[in-house]
Amino acid sequence: MATPRFTREEALRFHMEPTPGKWEVNATVPMTSQRDLSLAYSPGVAVPCEDIAANPELAYDYTNKGNLVAVISNGTAVLGLGNLGALGSKPVMEGKAVLFKRFADVNSIDIELDTEDPDAFCAAVKLMGPTFGGINLEDIKAPECFIIEQRLKEEMDIPVFHDDQHGTAVICAAGLINALHLSGKKIEDCKIVLNGAGAAGIACIELLKRMGARHDNCIVCDTKGVIWQGRTEGMNQWKSAHAIVTEARTLEEAMKDADVFLGVSVRGAVTQDMVKGMAENPVIFAMANPDPEITPEDAHEVRPDAIVATGRSDYPNQVNNVLGFPYLFRGALDIHARAINDEMKIACAEALAALAREDVPDEVAMAYGRKLAFGRDYIIPAPFDPRLIHRIPPAVARAGMDTGVARRPIVDMDGYEQRLRERMDPTASILQSINARAKQAQARMIFAEGDDPRVLRAAVAYVRAGLGQAVVVGREADVKEKLATAGLAEAHREIEIVNAAISPHMEVYKEQLYARMQRRGFDARDIHRLATRDRHVFAALMLARGDGDAMITGATRKSAHVLELINHVFDIRPEDGAVGVTAILHKGRIVLIADTLVHEWPDEEDLATIATQAAAVARDLGLEPRVAFVSFSTFGYPKSERAEKMHRAPLVLDRRGVDFEYEGEMAVDVALNRDAMANYPFQRLTGPANILVVPARHSASISVKLMQEMAGATVIGPILSGVDKPIQICSTVSTVGDILNMARLAACKVK
């Protein structure tokens, strides 16, 4: 996967829109009546306050403490940018907070402390202890980070974890377990060389020693060379702990016959000659960011037997902290842990390593656009593997219970794993899968409405995301002006602008359209006007001729009108099998509603076809389809002639012998609610429906727009299915992100 490209303006806009920052606070209890307010605050709140005062452990039951982590920094070592200060670190800390939520459903608040004094920092954090279930320290420079973490661990009774140190160490350890497994080596026999004696490097080597690496076999290097016993220059107590008796004085000398190289230093620190001198089947973890100590290409050129990992996503074996810290805290919080100890970190590393050795699910391979299997290029699990949430935290929790740091041990571990499965948002992995497949397709995407700034920004974003080529239909001067107004003055060089009025292919397009429409009341002048003056028709002609792979339109005109125009070139009518399916993403659930675009008033045969096409869309998104034919009635009551076709549609599917679950007719609250479904033990769905087939297009439109406006649901679609070419029609209220999502969907259909 290529690293996404973006401009300064795009990065700033991302952090500004739709509201400044990256997270907000929402109430989890009703706040609609005076009674609600009385329970939430005074006088009702007095009851849990008194109970917690008498028994502090009850804070985990009556407050959010048990699922709340503070991400705390003073901004003295922000990414690779140096000391930006507390306020300068806030965007990074906000980003860490949303990663906690995205990957492990851990609530998190970023806190930036405006001090470089370790004493003041520790005092502030300690005073906030009652609020949180854990503390994640971030972007604090060495050696202060060591001092701060050690003091807070000693003085607080909740987990304190410096991710820059231990997050890297855990993932490094997981990868090394598997690399040595493939190399046929044991950690206690390996000569290990570390370059970079900062926070991450020291944590890596300390954890590996806890896992069996021998002190005398580990050589640590810094900018002044090998840390040898007796060296005084540039030393501190943390480096001195890893000094050994050795004749080596330089990194090159240290790497002679080394089995393992760990780098958390700088680009280019390792040469090909150094790699040549390593032992058989060397393991090279070049983790400097953004550029590694040596690239995998350069390492493999001289040592094809090397197993190489980096910190980058565009190479195999990425050492990515997001595989560790969310799940470490998830497991620790769930046992109300007093600390995250070495045993818990090792359990996390071993669980990650074991997961990488297992067969990789198809949906993970689909998300990454390639086959993934344990081997030299896959020793660390992929960050979007959905199994991480229910495999890693239980291992961490067990280790915490075994070592006595759990306040409340988990009794039913099977039940715990099931609850972990249920708490994750499936929509994120679905969107990741779509993005990866689109990136693999590298489609030449036609954006029909180059007169709209949203479309232009989406086209530029499509290119910069590495998804493929963008072809914009519009006048060059107009496109350049609108891009400049949007702060993308030079972006016109990245896209292709096609003007219908001067297209060299116009005569071919018109011949193609005339041959199709001449017996439908269109003469040559009508064809000329359609092809040269309407961008939707012109873009469709480009697609039909093969001058693009897929097409996006609809942002500037109502979908029904756009559909009518495109139908001059393609067959997108009910009788042609076309269907519009809209995906609703809300609070961790995804439900497809059909038909939202093509069928005005379908009969039972049409409804059965809609269900079949919607099931295909669901499977394309990675969902196992469960279709409900919905109405205001449930299984015949109340009786209504308008509900009758919803009753007959499942009978049509019975006759057709389809291979997905379906049921109906049923009310929406029954179709989507497992408890309500239990009142009808004869119904055939194995779980809540994820596809709702509705009686008519107007009810579909009302349902979608109501969810969007009242509930704040994310809407993707309508996804046009059953058409010869990949065409997606946006809504007129689409944002840039919506248009880009539709382009990704269109690209997924390009073979």
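The side chains of R684 and D654 form a salt bridge, with a nitrogen-to-oxygen distance of 3.3 Å. This pair links distant parts of the chain, since R684 sits in the loop between α30 (674-677) and β19 (691-693) while D654 belongs to helix α28 (residues 644-656), 30 residues apart. Both partners count as partly exposed: R684 has a relative accessible area of 40%, and D654 has a relative accessibility of 37%. The model is a predicted one, and the values in this report are computed from it.

In the salt bridge between R407 and D157, the N to O distance is 3.0 Å. R407 is placed in the loop between α18 (388-402) and α19 (413-423) and D157 in the loop between α8 (144-155) and β4 (160-162), so this contact ties together parts that are 250 residues apart in sequence.

## The salt-bridge total and a network

When a salt bridge is taken as a side-chain nitrogen of Lys or Arg within 4 Å of a carboxyl oxygen of Asp or Glu, the count comes to 57 salt bridges. As a general point, side chains of opposite charge can pair when their charged atoms come close. Beyond the pairs described above, K90, E94, D110 and E112 are linked in a network of salt bridges.

## Helix α15 and its crossing with α6

Helix α6 (residues 90-104) and helix α15 (residues 325-334) have axes that come within 9 Å and cross at roughly 70°. The two helices are therefore roughly perpendicular to each other, and the crossing of α6 and α15 is right-handed.

Helix α15 is mostly covered, with 10 of its 10 residues buried. Just after α15, H336 takes a positive phi of about 50°.

The axes of helix α9 (residues 163-183) and helix α10 (residues 199-210) come within 8 Å, crossing at roughly 45°. That angle makes α9 oblique to α10, and the crossing of α9 and α10 is right-handed.

The loop between β5 (192-195) and α10 contains A197, which is buried with a relative accessible area of 14%. Although A197 and I227 are 30 residues apart in sequence, their C-alpha atoms are 9.1 Å apart in space.

## Backbone geometry in the loops

Most residues other than glycine have a negative phi, and most peptide bonds are trans. Against that background, the peptide bond from S42 to P43 is cis, with omega near 10°, and P43 is placed in the loop between α2 and α3 (46-54). A cis peptide bond also joins A142 and P143, where omega is about 5°; P143 lies in the loop between β3 (134-137) and α8.

Positive phi values are found at N317, with about 60° although this residue is not a glycine, and at Q442, with about 50° although this residue too is not a glycine. N317 lies in the loop between β10 (307-310) and α15 and is buried, with a relative accessible area of 5%. Q442 lies in the loop between α20 (426-441) and β11 (443-447) and is partly exposed, with a relative accessible area of 42%.

## A nonpolar surface patch

V29, M31 and L37 make a nonpolar surface patch of about 250 Å². Of these residues, V29 is in the loop between α1 (8-16) and α2 (34-40). V29 is partly exposed, with a relative accessible area of 46%, and a residue must have over 30% relative accessible area to be part of a patch.

Note on methods: Residues numbered from 1 in each chain as written. Predicted model: local features only at pLDDT ≥ 70, side-chain atom pairs only at ≥ 80, totals over all residues. Heavy atoms only, no water. Patch = residues over 30% accessible without salt bridge, like charges linked within 9 Å, V, L, I, M, F, W, Y side chains within 5 Å. Areas by Shrake-Rupley, 256 points an atom, 1.4 Å probe, with all protein chains shown as cover. Helix = DSSP H or I, 4+ residues; strand = E, 2+ residues; numbered from the N terminus. Buried < 20%, exposed > 50% of the residue type's maximum accessible area, 1.4 Å probe, protein only. Axes fitted to C-alpha atoms, helices over the stretch in contact; angles between N-to-C directions. Parallel < 35°, antiparallel > 145°, perpendicular 65-115°, else oblique. Left-handed = near helix turned anticlockwise from the far one by under 90°.
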